[in-house]
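User: I would like to learn how to read helices, charged pairs and backbone angles in a model. Can you take me through them one by one?

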Amino acid sequence: MTSYFYGRKMTFDSVARFLVSYQHWTFYPIMPVARVNLYLQTFLLLFSKRKVPNRLENIIGILVFWTWYPLMVSCLPNWGERVMFVLAGFTVCSVQHIQFCLNHFGANVYEGLPQANDWFEKQTKGTIDISCSSWMDWFYGGLQFQLEHHLFPRLPRCQLRNISPLVKDLCKKHNLPYRSLSFWDANVTTIKTLRAAALQARDLANPMPKNLLWEAVNTHG
């Protein structure tokens, strides 16, 4: 299959089929080490032939980080504490990784780039907000308002709650969906979506249908 996101062909072999077939079971165990994938994807992108804005500045940034971070960890007194420090950092960030997945995995996707005035509609259908009390904003980093973040990406996250009522009214005015789920319901929706794709991946009779797997790599939203 061809991934429009990565801009290359991806082989859906037996290993990939096996991993996807059980993704609803491995989802949470993988989240604590999900940062490793982000690190790898950063290097692969910056040293690829794809057009990357501010490539040099980004390369300098990651070189500074990967010089500073090991030096900081090395200041800890022994290897046990160093390993625990790194693992603790990964585990804490797993909450953020889970949240990003909740904001998108259970939402609709679309094929191709948005056309003209349907950009706003694509954002409303492709994201899910997580409802919570204001005193829990610190836990989600403000990004539980994912639709608002998509619509106003440069707006400080601490202001996303303030514009949420405006976005709700705008969606209501134009008869567009505004999905806001509790943290529990968002997790349930995500796991159901992962399970549905996993069951489709096990269907050997139709190796490449236009199902959730096909949508995942052909989507721009």
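Predicted model: local features only at pLDDT ≥ 70, side-chain atom pairs only at ≥ 80, totals over all residues.

User: How do I check the length of a helix, and what span should α4 have?

Analyst: Count 1.5 Å a residue. Helix α4 covers residues 55-74, which is 20 residues, so it should span 28 Å. Its end C-alpha atoms are 29 Å apart, which agrees.

User: Which residues of α4 are buried?

Analyst: Start with the general idea. An α-helix has 3.6 residues a turn, so residues three or four places apart point the same way. Now the case here. I59, I62, Y69 and V73 are the buried residues of α4. They cover an arc of only 100 degrees around the axis, which puts them on the same side of the helix.

User: Which residues are exposed on the other side of α4?

Analyst: L56, E57, V64 and L71 are exposed there.

User: What do the buried residues of α4 pack against?

Analyst: They pack against two helices, α3 (34-46) and α5 (79-104).

User: Next, charged pairs. How many salt bridges does a search of the whole structure find?

Analyst: The general idea: side chains of opposite charge can pair when their charged atoms come close. Here the search finds two salt bridges. In one, E121 pairs with K125, and the closest N and O atoms are 2.8 Å apart.

User: Where do E121 and K125 lie?

Analyst: Both sit in helix α6 (residues 119-126). They are four residues apart, about one turn of the helix. E121 counts as partly exposed because its relative accessibility is 29%. K125 is partly exposed too, at 34%.

User: And which residues form the other salt bridge?

Analyst: R161 and D137 do, with 2.8 Å from N to O. This pair links distant parts of the chain, 24 residues apart. R161 is in helix α9 (residues 160-173), and D137 is in helix α7 (residues 137-140). R161 has a relative accessible area of 26%, so R161 is partly exposed.

User: Last topic, backbone angles. What is phi of N54?

Analyst: Phi of N54 is near 55 degrees. That is a positive value in a residue other than glycine. N54 lies in the loop between α3 and α4.

User: Is N54 buried or exposed?

Analyst: N54 counts as exposed, with 52% relative accessibility. The cut-off for exposed is over 50%.

User: What about N175, where is it found?

Analyst: N175 is in the loop between α9 and β4 (180-181). Its phi is also positive, near 55 degrees. N175 counts as exposed, at 71% relative accessibility.

Technical notes. Residues numbered from 1 in each chain as written. Heavy atoms only, no water. Expected span 1.5 Å × (residues − 1). Buried < 20%, exposed > 50% of the residue type's maximum accessible area, 1.4 Å probe, protein only. Arc of directions from axis to C-beta. Contact = heavy atoms within 4.5 Å. Salt bridge = Lys/Arg side-chain N within 4 Å of Asp/Glu carboxyl O.
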